[in-house]
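Dear colleague,

Please find below the structure that I am handing over to you. My notes on its contents follow directly after it.

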Amino acid sequence: MLYALVTGHPDAWRLKAYADSARVPPVVAWALAWQESRNNLNAGVRGRHGEWGRLQVMSATARVVCPTLDIRTYEGNVACGLRYLRRQFEVRGSWEAAVRAYQCPACRQRTDYERSVMETVGRFTSRLMGRVP
């Protein structure tokens with residue numbers, strides 16, 4: 001219940017479980033989910049560039065990163081998205097750079113997307129620490 005209150009995500013516990021499994025900090029997973037789909041849990045939601053689901057995973061990315069998962073299901077989408085984010089962290093060395101690469105693998109400079117996600121990480125962290133009502 002606390003995580004849902006802190007993040008506004010009805011699926012905060014599920015996202016945390018997937019984040020723990022992928023070795024991604026839950027606050028990063030929650031912030032990414034907020035940026036990608038707000039609280040839309042519809043596995044069939046499509047982005048303007050053809051992305052799928054809760055974490056807006058591209059089909060081409062899924063074919064490479066998680067070919068055995070169905071990104072058109074909630075479970076497959078979240079598992080694949082967080083697996084991809086973890087890979088980006090391992091290559092780039094920081095969560096900020098991993099978040100940037102999640103949206104724009106070729107980008108080397110800080111992006112508005114990265115700023116937005118990391119600001120949300122800060123808000124969620126503050127709420128968890130009891131610094132924000």
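Rings of Phe, Tyr and Trp (for Trp, its six-membered ring) are taken as a pair if their centres lie within 6.5 Å; planes under 30 degrees apart count as stacked, over 60 as edge-to-face, and the rest as tilted. By this rule there are 5 aromatic pairs. The model is a predicted one, in which local features need pLDDT of at least 70 and side-chain atom pairs count only at pLDDT 80 or more, whereas totals for chains, interfaces and linings use all residues. Residues are numbered from 1 along each chain as its sequence is written, and side-chain values use heavy atoms, with hydrogens and water left out.

Aromatic residues

One of the aromatic pairs is formed by Tyr3 and Trp30, with 5.0 Å from centre to centre and 45 degrees between the planes, which makes it tilted. This pair links distant parts of the chain, 27 residues apart: Tyr3 belongs to helix H1 (residues 2-7) and Trp30 to helix H3 (residues 26-37). Helices here are DSSP runs (H or I, at least four residues) and strands likewise (E, at least two), numbered from the N terminus. For accessibility, buried means under 20% relative accessible area, exposed over 50%, and partly exposed in between (1.4 Å probe, protein chains only). Tyr3 counts as buried because its relative accessibility is 17%, and Trp30 counts as buried at 1%. Together with Trp13, Tyr3 and Trp30 form one aromatic cluster.

A further ring takes part in a contact with a charge. A charge sits over a ring if NZ of Lys or CZ of Arg is within 6 Å of the ring centre and within 35 degrees of the ring normal. The charged end of Arg46 sits in this way over the ring of Trp52, 3.9 Å from the ring centre.

Disulfides

With a disulfide defined as a pair of cysteine sulfur atoms within 2.5 Å, the count comes to 2 disulfides. In the disulfide of Cys66 and Cys80, the sulfur atoms are 1.8 Å apart. The pair links distant parts of the chain, 14 residues apart, with Cys66 in the loop between helix H4 (59-65) and helix H5 (74-92), and Cys80 in helix H5. The torsion about the S-S bond of Cys66 and Cys80 is about -55 degrees, so this disulfide is left-handed. Both cysteines, Cys66 and Cys80, are buried.

Cys104 and Cys107 are also joined by a disulfide, S to S 2.0 Å. The link of Cys104 and Cys107 is right-handed, with 75 degrees about the S-S bond. Cys107 has a relative accessible area of 22% and is therefore partly exposed. When the bonded cysteines of the protein chain are numbered in sequence order, the pairing reads 1-2, 3-4.

The largest pocket

Rolling a probe the size of a water molecule over the atoms shows where empty space is left. On a 1 Å grid over the protein atoms alone, a pocket is an open set of points where a 1.4 Å probe fits, with protein on both sides within 12 Å along at least five of seven lines; lining residues have an atom within 4 Å of a point. Grid points are joined across faces, edges and corners, and a volume is the space filled by probe spheres set on the points.

The largest pocket holds about 420 Å³ of space. It is lined by 15 residues, of which Glu36, Glu51, Gln56, Tyr102 and Gln103 are the closest to its centre. H3 and helix H6 (95-103) are the elements that give two or more residues to this lining. The lining of the largest pocket has 6 nonpolar, 6 polar and 3 charged residues, where Ala, Val, Leu, Ile, Met, Phe, Trp, Tyr, Cys and Pro count as nonpolar, Asp, Glu, Lys and Arg as charged, and the others, Gly among them, as polar.

Backbone and selected residues

Most residues other than glycine have a negative phi. Arg23, however, has a positive phi, near 60 degrees; Arg23 lies in the loop between helix H2 (12-22) and H3 and is exposed, with a relative accessible area of 52%. Arg38 likewise has a positive phi, near 55 degrees. Arg38 is placed in the loop between H3 and H4 and is partly exposed at 41%.

Gly44 is also found in the loop between H3 and H4, and counts as partly exposed at 37% relative accessibility. Ala98, in helix H6, counts as buried at 0%.

Yours sincerely
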